[in-house]
Amino acid sequence: MNHLDSVPVKEEEVKVIVNPKVFLVSRQSVKEFLIEKGLFLFTILSSILIFFVFIFVAKEAWPVLKANGLAFVYTGGWDQDFYRAWVATAKEPSWRFGALPLISGTIFTTLGALCFTVPLGLGCAIFLVEVCPPWFFKPVESTVRLLSAIPSVIYGLVGLLVVVPWIDRHLVTNEMALRMAKVAALDGTSLLAGILVLGMMIVPIFVALAADALRVVPKVYKEGSLALGVSHWRTIIKIMLPGAKKGIIAGAILATGRAIGEAIALSMVSGSVANIPNPGHGLVFFLEPLRTLASTVVDNAEGMGVPTCESALFACGAFLLVSCVILSFFARWVARTQKQGGS
Amino acid sequence: MLNTVNGKTKLHARELSAWYGRTPALKKVSVTIPANSIVGLIGPSGCGKSTFLRCLNRMNDLIRSFKLEGKITLDEKDIYAPDTDIVLIRRKVGMVFQQPNPFPMSVFDNVAFGVREHNRGVNGKKLENIVVNSLKQANLWDEVKDKLPQSGLSLSGGQQQRLCIARLLAVKPEVILLDEPCSALDPLSTGKIEELLLELKKSYTIVVVTHNLGQAFRISDYIGFFLLGQLVEFGPAAELAVKPKEKVTADYISGHFG
């Protein structure tokens with residue numbers, strides 16, 4: 001027996017006090033309030049973090065960018081500059097840096113990889129979405145997924161152990177090596193190796209995005225075309241690919257972003273020399289070594305203790321950041337113009 | 001089964017059975033579709049009439065789990081024979097879908113698309129003539145003659161559906177299949193399409209699946225009633241309207257279905 005029973009309480013009061021719903025609702029709403037504000041806080045925090053990354057990189061990069069001005073972009077000699085800055089005394093620091101080889105290296109490898117990835121990836125995506133028999137779909141798709149999950153250093157390793165020796169053995173001739181001896185040593189580490197390895201690295205992400213883009217092309221367009229007696233293949237070319245154009249371009253832009261930022265694998269296979277491959281040399285162009293902006297930050301990291309070198313590396317980082325921002329805006333612009341023109 | 005048809009037989013199905021995976025969709029359907037007539041297929045949802053329609057131009061080939069037994073002939077040639085060119089079949093047997101599906105391109109290009117694909121040599125004035133004639137034939141020309149460069153998707157639903165018919169007429173099919181072509185349209189647009197079909201009957205064989213019984217009886221020469229994958233009854237529309245042979249047909253037509 002409960003002694004409360006003996007206390008006379010009005011029925012209404014009891015209801016108010018013990019109504020479980022009242023408790024539940026208020027507790028729930030407090031929880032929701034906290035979660036909402038908490039998420040808001042996290043969002044603000046991460047935006048602020050990104051903002052500070054930009055500020056920090058810009059601040060660190062500023063001394064070198066100020067000292068060199070535009071010459072940072074259009075002059076070469078990075079390796080010599082870096083060495084000079086490294087050995088310079090603290091009293092007479094050397095601020096001169098020319099990043100043209102790094103910028104051109106980044107552009108050459110990225111464009112080359114895109115030229116190789118886009119057709120290959122597009123073919124793969126079309127196969128997956130339109131041609132692949134069902135029993136073969138899962139294995140292929142999981143392989144592609146797996147490829148995108150492989151750490152880049154593994155790609156670099158395979159490139160270094162397989163691609164580079166192959167190029168050295170089969171493509172580089174003694175005559176070539178002699179002719180180019182003054183410019184750079186031809187040992188297989190080259191633009192071509194960089195393009196192949198980088199291309200393989202960005203294929204999976206491009207295939208995944210292009211396949212998604214093809215999948216969301218309304219089925220009725222495909223049916224409409226087939227019902228006109230247009231062959232499957234022509235339907236893919238004239239209806240499916242134009243319909244998926246936006247997603248395919250977005251995929252290429254994302255793949256470009258990944259290619260530009262790739263450091264380790266490229267530093268392993270492309271020679272790590274701040275050389276500007278010269279298209280005037282003919283096909284040897286592809287066999288010349290080079291180094292990209294991102295690889296430079298890794299390769300020259302030992303110079304971080306020297307203020308001039310540190311600033312120069314941050315200047316490379318600033319270029320990477322800016323190009324990523326530009327790519328992101330470009331992707332949005334593509335999406336917008338497509339919407340206006342497409343339908 | 002109807003076997004005394006005036007004139008020529010265009011399409012003929014014999015003992016047609018079909019499955020999606022293990023689910024049967026059609027059970028031994030046999031039917032003769034005469035040339036230059038409109039055949040209306042009616043029946044409750046899921047009764048197999050759309051499946052049957054899509055067998056006629058092998059549209060079901062797109063569905064991997066689809067299986068078919070029996071025979072369909074077009075002008076006495078088996079369209080499921082191993083050496084058949086599917087593309088050629090679909091060129092002869094065109095299809096208009098439930099949802100108007102113009103391509104995301106200009107009105108002109110929508111109509112020109114199939115023509116260009118079938119004959120790369122056609123261009124300039126000749127192509128223009130085909131496009132204009134097709135649009136006129138589809139009773140759409142007056143409404144879109146100033147909008148040819150505009151996107152086909154900017155037209156109204158009814159105009160889009162007639163655009164789809166126009167683009168089909170441009171490639172000169174022999175049979176036109178329509179899968180509930182008016183279910184997404186208002187009564188006015190529906191009326192325009194019905195008028196159009198009656199005109200097209202002179203030069204084409206038309207098979208139309210519809211949920212609109214009024215429409216089926218207004219435009220069809222023959223009507224087929226499907227139920228649970230079977231063709232319960234097939235006959236001249238006038239006969240079916242007045243005196244159906246089967247009780248289920250009568251129940252369905254009079255709205256006492258259940």
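## Reading a predicted two-chain model

Q: What is the order of the strands in the open sheet of chain B?
A: A strand is a DSSP run of E with at least two residues, a helix is a run of H or I with at least four, and both are numbered from the N terminus. Two strands pair if DSSP finds at least two bridges between them. In this predicted model, the open sheet of four strands in chain B runs β2-β1-β4-β5, with antiparallel pairing. Local features here need pLDDT of at least 70 and side-chain atom pairs count only at pLDDT 80 or more, while totals for chains, interfaces and linings use all residues. Residues are numbered from 1 along each chain as its sequence is written, and chains are lettered from A and ligands numbered from 1 in the order in which they are written.

Q: Which are the edge strands?
A: In chain B, β2 and β5 (77–78) are the edge strands, as each pairs on one side only.

Q: Over how many bridges does β1(B) pair with β2(B), and over how many with β4(B)?
A: β1 (residues 9–20) and β2 (residues 23–34) of chain B are joined by eight bridges in the antiparallel sense. β1(B) also pairs with β4 (residues 66–74) of chain B, again antiparallel and over eight bridges.

Q: Which residue in the hairpin of β1(B) and β2(B) takes a positive phi?
A: The hairpin has two residues between its strands, and B:Gly21 has a positive phi near 65 degrees.

Q: At what angle do α7 and α9 of chain A pack?
A: Axes are lines fitted to C-alpha atoms, for helices over the stretch in contact, and angles run from 0 to 180 degrees between N-to-C directions. Helix α7 (residues 152–170) and helix α9 (residues 191–215) of chain A pack at about 140 degrees, with their axes 10 Å apart.

Q: Which residues make the contact of α7(A) with α9(A)?
A: Residues are in contact if their C-beta atoms, placed from the backbone, lie within 7 Å. From α7(A), the contact includes A:Tyr155, A:Gly156, A:Gly159, A:Val163 and A:Ile167. Among those on the α9(A) side are A:Leu192, A:Leu196, A:Val197 and A:Met200.

Q: How many residues does each chain give to the contact between chain A and chain B?
A: Chain A gives 17 residues and chain B gives 23 residues. On the side of chain A, the elements that give two or more residues are α10 (219–226) and α11 (232–243). The largest share, five residues, comes from α10(A).

Q: What helices and strands does chain A have, and what are there in chain B?
A: Chain A has 15 helices and zero strands. With 343 residues, chain A has a radius of gyration of 29 Å, well over the 20 Å of the globule rule, so chain A is more spread out than a compact globule. That radius is taken over C-alpha atoms, and the rule is 2.2 Å times the number of residues to the power 0.38. The C-alpha trace of chain A spans about 110 × 75 × 45 Å along its principal axes.
Chain B contains ten helices and ten strands. Its 258 residues would give a compact globule a radius of gyration near 18 Å, and the 18 Å of chain B agrees. Its C-alpha trace in chain B spans about 55 × 45 × 35 Å along the principal axes.

Technical notes: Contact = placed C-beta atoms within 7 Å.
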